[in-house]
Amino acid sequence: MDTTKIRFKKLDEKAQMPYYGSEYAAGADLYACMEEPLTIAAGTTEFVHTGLAMEIPVGLVGLVYARSGLACKKGLAPANKVGVIDSDYRGEIMVALHNHSAEDITIEAGERVAQMVIAPYVFAQYEEAEELEDTVRGDGGFGHSGTK
């Protein structure tokens, strides 16, 4: 398994280092860093501090995903579905948690609020063209790639 060092800085003494919950976990847990509990009203979004800034190497990106337990049991998931932490960003990592449930949900200080996966990416060079190569699917949109 490949490993890469990701340097981080605690912006708050209460901040917790990202932590992998198991030997082969792809995502490291991110923790809420705050003075007191935060209640997220039903149907609203709140920014949750992690108290961390990171130095993600060029060619890699930090992808912030929902934690399945938090999303399924409490209805809390990142508002933007997947947060993108670029390698040139040095500010605090925040998680915009949206409450999809019908009741107010409280996040406690130190609670795991999301998970971050470090992944490689390709920087594309977009080139305008008059025509595109044909494929079997063609311009068939949503639901057109299934089997018969």
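The following conversation goes through selected residues of a predicted model.

Visitor: Let us start with the salt bridges. How many are there?
Guide: The count comes to six salt bridges in this predicted model.

Visitor: Which residue does Arg67 pair with?
Guide: The side chain of Arg67 meets that of Asp29 in a salt bridge, at 3.2 Å from N to O. Arg67 lies in the loop between strand E7 (60–65) and helix H1 (68–74), while Asp29 lies in strand E3, so the pair ties together parts that are 38 residues apart in sequence.

Visitor: Are those two buried or exposed?
Guide: Arg67 is buried, and so is Asp29. For Asp29 the relative accessible area is 7%; it counts as buried because the limit is under 20%.

Visitor: What about Asp29 and Arg112?
Guide: Their side chains also meet in a salt bridge, at 3.4 Å from N to O. This pair links distant parts of the chain, with Asp29 in strand E3 and Arg112 in strand E12, 83 residues apart. Arg112 is partly exposed, at 37% relative accessibility.

Visitor: What else is Asp29 in contact with?
Guide: Leaving aside neighbours within four places in sequence, Asp29 is in contact with Pro18, Tyr19, Arg67, Arg112, Ala114 and Gln115.

Visitor: Gln115 is on that list. Where is it found?
Guide: Gln115 is found in strand E12, which covers residues 112–120. With a relative accessible area of 24%, Gln115 is partly exposed.

Visitor: Which backbone oxygen lies 2.9 Å from a polar atom of its side chain?
Guide: That is the backbone oxygen of Ala66. Ala66 is also among the residues that Gln115 touches, a list that includes Leu63, Val64, Tyr65 and Arg67 as well as Gly27, Ala28, Asp29 and Leu30.

Visitor: And how far apart are Gln115 and Gly91?
Guide: They are 24 residues apart in sequence and 18 Å apart in space, C-alpha to C-alpha.

Visitor: Moving to Asn99: buried or exposed?
Guide: Asn99 is buried, with a relative accessible area of 0%. Its place is in strand E10, residues 94–99.

Visitor: What does the side chain of Asn99 reach?
Guide: The side chain of Asn99 reaches the backbone oxygen of Ile40 at 2.8 Å. Beyond four places in sequence, Asn99 touches Ile40, Ala41, Ala42, Gly43 and Thr44, among others; Lys74, Gly75, Leu76, Asp104 and Ile105 are also on the list.

Visitor: How many disulfides does the structure hold?
Guide: The structure holds zero disulfides. As for individual cysteines, Cys33 counts as buried at 7% relative accessibility, whereas Cys72 counts as exposed at 69%.

Visitor: Which residues form the nonpolar patch on the surface?
Guide: Val58, Tyr121 and Phe123 form the patch, with about 410 Å² of accessible area together. Phe123 sits in the segment after E12 and is exposed, with a relative accessible area of 73%.

Visitor: One last topic: what is the phi of Lys81?
Guide: The phi of Lys81 is near 65°, a positive value in a residue other than glycine. Most residues other than glycine have a negative phi. Lys81 is found in the loop between strand E8 (76–78) and strand E9 (83–85), and Lys81 is exposed, with a relative accessible area of 54%.

Conventions
Residues are numbered from 1 along each chain as its sequence is written. This is a predicted model: local features need pLDDT of at least 70, side-chain atom pairs count only at pLDDT 80 or more; totals for chains, interfaces and linings use all residues. Side-chain values use heavy atoms; hydrogens and water are left out. Helices (H or I, at least four residues) and strands (E, at least two) are DSSP runs, numbered from the N terminus. Buried means under 20% relative accessible area, exposed over 50%, partly exposed in between (1.4 Å probe, protein chains only). A polar contact is a pair of N or O atoms within 3.5 Å; within protein, one must be able to donate a hydrogen and the other to accept it, and residues adjacent in sequence count only if both atoms are side-chain atoms. Contact means heavy atoms within 4.5 Å. Patches are made of residues with over 30% relative accessible area and no salt bridge: like charges are joined within 9 Å, nonpolar side chains (Val, Leu, Ile, Met, Phe, Trp, Tyr) within 5 Å. Accessible areas come from the Shrake-Rupley method with a 1.4 Å probe; for residues, only the protein chains shown count as cover. A salt bridge is a side-chain nitrogen of Lys or Arg within 4 Å of a carboxyl oxygen of Asp or Glu. A disulfide is a pair of cysteine sulfur atoms within 2.5 Å.
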